[in-house]
Every structure is written in structure tokens, then in C-alpha cells.
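Morning, everyone. Structure on the screen, please.

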Amino acid sequence: MLLKVVILGDSGVGKTALLNQFVNNRFSTSYKATIGADFLTKEAFCGANARSVAIDETLVTLQIWDTAGQERFQSLGVGFYRGADVCILVYDITQPKSFENLDTWRIEFLTQASPSDTQNFPFVVIANKLDRENDRRVATQRAQTWCAKNSTSILPFFETSAKAATEVEAAFRKAAQLALSQGTMQADFIPETISFRGSPANGDSKSSCC
Amino acid sequence: MEAAPPPPKRRSVGGDATNTAPETAASRKRKSTDAADPMMRAATARRRSLGGKRKSRGSPTTTDATGAASRKRTSVGDGMTSRKRRSLTSDEGVASRVKRRRSLEGAPLFSPPDKEATPKKASPGAAELSFFSPAASAKRSRAWSVRCSARRAADAWSEHDGWLPSKGEEETFMTLVESRGCPPAKRLEAWAAWASGPSTELLLELSSDAALETQISKDVKRTLRGTPYFRDGDGATYLAAFLRTRAAEDTSVGYVQGMNYVAAFCLLVARGDADADANPAPTARDDAARAYDAFRALTGLCRGYYVDGFPALHRDVRVFSDLLSEHLPEIAAHLEKVRAEAMTYAPRFLMALFLHMLPGHVVARLLDCVLAASAVDPAGGSDATSAVLVHALLAVVAAAKDELVATDDFCAAQAALVRAARNTPSFEKLRRRAPCSVEACRAALTRPVPPPQAPPSRSPQRLFPLPPPPPAAPPTGILQNLRSWFENDEYATDTMRRPRLSPRPRRSARRSAGVELSTFAQRAASPVRFALEALSPAPVRGDNPLSRWV
């Protein structure tokens, strides 16, 4: 199963570094600015359910679109964002500006990708450069508030460090899992089991009432 | 009593490293004697059994299979007396063979390892620089045309008067640029001549625009940062100054990512030589000013790639995909199949003028063409620039053809394109791979844009599809009635299915006669049908309800 993941965020927040860490398990201090977009694939086992056991995990191929961070490149966005299954928003904890721009990125993505369900489209928020904790200028609390405010369900939030490889895997795994669950929800809307027998607890409460 | 230590241990110690070669030599020897004559074979067998017996007497504990095997292997060497061994093959021969084999496996044969020659630890940006810099990548290249390009270009330009064409000689001038390029040592001079403009003072101080400065400093920090010139030398200072000055000159464009590579490339052209790239010696003010002229000209020509909305980029990508489906329909269809639209891969090539995609020396030749064309072109040259770049992109895609067609994956197709570009050996090769000429690209760019067609309105999907329309009423007239009667008859159906009676005509005959001749044999099988068809005009195939099923 193929999932398209789009990574957005201001330039220099470490999108390419995160990707490189996730896909190649490598970190390099010298990166070059991404022009247009870069594309990487990674296969992973993932389940649609958060507490899934290994049995119902399926092999998914994550097709990750690493985009250019400069604002002007958003005019290329339509082609890049369309058909995305999940969007990862990245900011840098040492740059408040990159956090403030998350709103712009999110709205821009939703208008250009125009997913069928704007309200419940899966986003994952990543606060990168956790290894520079001393220079932190965006509090965790602030980001969590933003995540709670911007969606009907709380956006998953991860603080990562591409350099130290902390939480990178978890963030991408969460993204894949969200995309999978969203996909299955849209594909068939049939609940898993429909019980025709009322649960015994219900029956008991009724009898006691009457 | 000598055999008291456990034999397996001794064998494992001796057999692993030191005894391997003699043992193999011994076994080889055994094979050769076995093949030699039956008498000898019998003798060897006797010896072998003797040795085995003796061995088993000495080590009664080894009864497992491996023990037996190793016993068999070692028995020849151990069991033979030295005199007999010498009689089979000369010991010196074996020893020399072993020695030679060891020398081949181990240390170098010709020169002892030299302390001076051991490679120094490469700096992290060395690989990047050797690809990006025109001088360094040319030095590394093995292509013949690259190796002697400097001399050939110098020879070609020695006959030319100056760097600009005289009136009426633009065509020969452009041919010269395209076929030979600039001599690398004179490239800066030539580019400055082609890109002449008002002299500008470089803004070395920080400007007041904080957002611009942040963006520039972010990107300067990651442009060839591993190389000595950009890390320790004044490369970074000039790079920032170029970008800042250009942003101040053309405020509506400002700074866009991709320009940083162009600026860095111009600076490396000003350095001139591969050794200069690798050391942090300062660049002369004069050279930097000329490099800036080239940078301004290039970014000016590609202004449409950087200005808000990227109008020229959208146009070029559209023209590119038209040309792709026109000249390389197979690749275009395949790319469409893997959903790799031109808009996904073209920007990374075009916006950075192929820097980091093609090797530096190839980009240098490409930009020679761009700048020379702009100097010649009365229209300003931005169309000519687009034509050269679109042409190069077509060539890259054509070069990646085999890999592209082999893959079914989007990301793999993208990677194949990048790899094809990176492996381009020379500019000549790139041009030869292009499926059409630069002029054709230019013509396609200047072609008027067709009005956007309204998307075909899709009919609403029905739950149950409508039944197919009823067949048209049969034609009237007695002949037609007769005809339809025959065709609906069982006999007619049978004849139509019957195999050909006459041999199939040769392919050449079929080609020349078209369809008529090939159906002739079928028609001949049914004389009535043939007569009827000869009398009446041939019906449209779809009209006949029967022919639809047969």
C-alpha cells in the first residue's frame, strides 16, 4: 500500500535532515537547500490502529515528498500537495517565526490539496532540533495548545532531533498510521461489528430500574 | 605417546591459516598423480590407506565425519615420506607457486607502500566540490572531449576576433560556442564580455531587510560549506554580497533559492582552476566584479524562474512536456504511468540551471551557450535561454530512458533522472542525446499558446448502464436483402470462419496491395459473398450485426 507523505515547513528547519535520518539513518551537517522537491521512499510495517499488535500490521510504502521551504515555492504547491495522504508540519524550536508560520503552511496545504475532508485531514506536527535545547525559544506548551486548537481531534505532536535521531521514527510511524486509518475510514464506513444482542450490563440496569 | 594431545585441536590450529596453502598444493599434486597413470594411482591409494590406518591408531577419539574428512585430507602429506614426495613433483615448484599466489593476494607487487602517497583524509565537501566546480569536475572527467576541450577551445578561439561576433556572423559564432565552448582559463573574461552591464558596487554590508538577510545567511551556510574556499576563504562573503546586491537591484524578485548555486558557480568560474577551488586564497576584487556581471546576467535571463508565481517556469515545463510527448512518446507515456508529471522533476533541474545535477564542466558549457545566445539575441535572450535549458532537460530524460522504462515506481523514476544527469560525461554527449534541436525548442517556446480547452464534461454515472443502441435498420433493395439473408445464414458464418484456402501472400505484396489483397483469399472462399460484395458497395463493418460477433 502506497502512502503519500508531504513535509512542509519554513526553510532551514531540518526537513531534509529529518527525512535523511528516517530513511537512511544518517545525519550530515552539510545539506543543500532543496529546490522544487525531493522524493524518497521507505517501506515500513504499520497498523491502522494505534494499539495494534504485529498481526494486523501491513507493509506500507511511504512516498515522502520533501518540499522547498521558501515561501515563494508555494506556487508549485498544487502539483506537489495533491493526492497527499498525510501532511507533516515541521518547525524549529529555536526559531519562533517558523512556529508562527505553521498556520500559513496548514491553510496553504488545505487550500491547494483540497482534500475531501478538510476538518479531519491528518496532520502531524514536528518540533525539530531538540538537541539545541539550550537555544529553545518555542515552549512545548505553546505548541501543544496550537495543536489542540487547530483540529477537531488533537494533532499528534512530536519533539524530535534529526541529529540525535530522537523520536524521528515515532513521528513518521504516527503519520503513516494516521494516513492508514484515514484511508480505511474513507474506503468503507462499515463499523467492525454490530451487536444485536444488548450487552448484559445494559439489561441488568434496565431490569433494576423497572 | 607423541600423539597424546587431542588431534582435533591441533588440526584446527594448524589447518586454518598456516597450513592451507601447502595442503591445497598437496591435494592438487594428488589430483595430478591420480590422473597420471593407474600404477601411480594404486600406489597412492595404498599409501593413503596406510596413512589413514596410522592416523586412526594415533587418534582413536576422532570418529565423526569431519574428523574422517580432515584425516583423509591430511593423510597424503603426513603419510608420505619426504623422498617419495620429491619424486612426485619438485618441492621448489610448489613453494614458488605458493609464494606467487600469496604475493597476488596480499601486498602490492610493484611499489612498496609509500608513506607520502597515502591519501590524506578528504575534507567533507571535497566530493561535492569535485562535482560542482567546473575546473575540478573537468579534471576528474575521463571523457576524451573534456580532456582536450581546453586546447581545442583555445585553438578555435585564437582565430576569432574578440569574444563578440561581427555583424552578420552570428550563426558561425554560435556554432563556435556550441561546438567548442570557452577555453576554461578565459571563461570569466568571455562571460563578462557577453554579460556586459552597468558596473555595480557589491554590497558587502548587511542590509536592513531582516527577512532577506536571514534567508540569505541560512542558504550561504549550506552552499558548498564543506569546501575550504567557502568555509575559510572569502567565498561566503562574496556569495552573500552577490545575493544581497542582486536582491537590491531587482526588488520584485529578491532572493530565491537556486540563485545561491548560480552565484557560487560564478565565483568558482572566477577562481579558474581546480587547485584554486580547493584552497581558501582570496578572490581579486576585479574577478569578483566580473563574476557578479555573469551572475546578474544569468539571473536576469532566468528572471521568470524566480519572480513570484514562476511564470516562465510554468511555461517552460508546459513546452517541455509537449516536446517530450512529441519526440519521446514512449518515455512520456511511461512517466505518465508512474505519475511523474514534468512539474515534479523539471523545477529542480531548471531553477538551479542544472547545478548539482549535471557535472560542473557540463553546466559551464551549457551556460556558455546561454550567455552567448543572449549576447547575440536582439530580443534579450530569455527565450533563447529557456530553449537551451529545455533542450538540455530533454537530453537528460532521453539519457535516462533505459532506467525509466525499467521502473514502475515514482521515486525510482525520479532517482533515475537525477542519476542520468549526474552521470553525463560531457556536453557533447548531452547534446547528442537530445531528441530535437535547440531551434525546435525555441520554435515551440515562441509558438502561440493554444486556448485552454474546457475539460470534457463527464456524463453522470448511472447505477445501471443503458442498453446498447439498437443496430441500424438494414439497407433496402433486393440485393441488400439477399446479402443480409446470406450473411445471417449458417453457411455464411461457417465460411467466414473457415481457414484460408490459398497461401498467405508475401508481406511485401500485402504491403503494396494494402488490405484488399489479404482479404481476397477469404472472399474467394465464398463465391456468392464475393459476387455480392463486388456488386454492392462494401458495407461499413460496424453496420453488420453479424460481423460484430465474428
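Start with the salt bridge between Arg348(B) and Asp38(A). In this predicted model, their closest N and O atoms sit 2.9 Å apart. The term salt bridge means a side-chain nitrogen of Lys or Arg within 4 Å of a carboxyl oxygen of Asp or Glu. Helices (H or I, at least four residues) and strands (E, at least two) are DSSP runs, numbered from the N terminus.

How many salt bridges does the rule find across the interface of chain A and chain B? One. Over all chains, the search of the whole structure gives 25.

Polar contacts next. There are nine residue pairs in polar contact between chain A and chain B, both residues at pLDDT 80 or more. A polar contact is a pair of N or O atoms within 3.5 Å; within protein, one must be able to donate a hydrogen and the other to accept it, and residues adjacent in sequence count only if both atoms are side-chain atoms.

Which strands of chain A each supply at least two residues of the side that touches chain B? Strand E2 (37-46) and strand E3 (58-67). E2(A) gives the largest share, five residues. By class, that side of chain A has eleven nonpolar, ten polar and three charged residues. Ala, Val, Leu, Ile, Met, Phe, Trp, Tyr, Cys and Pro count as nonpolar; Asp, Glu, Lys and Arg as charged; the others, Gly among them, as polar.

Now the whole interface. 24 residues of chain A are in contact (heavy atoms within 4.5 Å) with 30 residues of chain B. The buried area is about 2300 Å², and carbon and sulfur atoms give 57% of it. Buried area is the accessible area (1.4 Å probe) that two parts lose on being put together, summed over both. In chain A, Ile35(A), Gln70(A) and Arg72(A) lose the most area to chain B, together 28% of what that side buries.

Last, the helix pair. H24 (residues 382-399) and H26 (residues 410-422) of chain B pack at about 110 degrees, axes 8 Å apart. H24(B) and H26(B) are therefore roughly perpendicular (65 to 115 degrees). Val396(B), Val397(B) and Ala399(B) meet Leu417(B), Ala420(B) and Ala421(B).

Housekeeping: residues are numbered from 1 along each chain as its sequence is written, and chains are lettered from A in the order written. Local features need pLDDT of at least 70, side-chain atom pairs count only at pLDDT 80 or more, totals for chains, interfaces and linings use all residues, and side-chain values use heavy atoms, without hydrogens and water.

Terms used:
Axes are lines fitted to C-alpha atoms, for helices over the stretch in contact, and angles run from 0 to 180 degrees between N-to-C directions. Angles under 35 degrees count as roughly parallel, over 145 as roughly antiparallel, 65 to 115 as roughly perpendicular and the rest as oblique.
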